[in-house]
Amino acid sequence: MGVLPVCAVHGWVTSNRLPITSIIINSQLSILHFWREVSAVLERIRALTAEYDMLPRGGAVLCAVSGGADSMCLLHLLSSLAKEGGFRVSAAHYNHSLRGAESDRDAAFVAEWCALRGIPCIVGAGDVGREAELRGLGV
């Protein structure tokens, strides 16, 4: 049995937004094994952040997210640790407008995901390609 190569975010797998149960069945990975793996990751994060005092009680954490699996998993884990750790979590997403409608969908996904979980979210946007062109820079 292998480890599921995606991160579970409150019942959905962010890499393709399929229900976790579909992925578990398709991967022939038991639910118990899957949650053991998730718990192990959470424990490693707890230990690392405690060792370096990265999430101080009473503090605020701003998690920059793209809408992809890695950053959404990080946001989920931080929000899971926030109550017990006594810190606040907010999210930030910047739509670079480099991929048209796909970029817009990412921004909408992040905003909706955060709203459903009560996580404050700041979304910004700009035409990075045009700005780079004006400044004679590449993207």
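## Ground rules

Contact means heavy atoms within 4.5 Å. This is a predicted model, where local features need pLDDT of at least 70, side-chain atom pairs count only at pLDDT 80 or more, and totals for chains, interfaces and linings use all residues. Residues are numbered from 1 along each chain as its sequence is written, and side-chain values use heavy atoms, with hydrogens and water left out.

## The overall picture

Let's start with the whole protein. There are five helices and six strands, where helices (H or I, at least four residues) and strands (E, at least two) are DSSP runs numbered from the N terminus. Reading from the N terminus, the order is β-β-β-α-α-β-α-β-α-β-α.

Of the contacts with a separation of 6 or more, 63% link residues 24 or more positions apart. Buried residues (under 20% relative accessible area, 1.4 Å probe, protein chains only) make up 32% of the 139 residues.

## Thr49

Thr49 sits in helix α2, which covers residues 31-51. Is Thr49 buried or exposed? Thr49 counts as buried because its relative accessibility is 14%. If you skip its neighbours within four places in sequence, Thr49 is in contact with Met54 and Leu55.

## Arg135

Now look at helix α5, residues 128-135, where you'll find Arg135. Arg135 has 59% relative accessibility, so it counts as exposed; the cut-off for exposed is over 50%, with partly exposed in between.

The side chains of Arg135 and Glu131 are joined by a polar contact of 2.6 Å. That term stands for a pair of N or O atoms within 3.5 Å; within protein, one must be able to donate a hydrogen and the other to accept it, and residues adjacent in sequence count only if both atoms are side-chain atoms.
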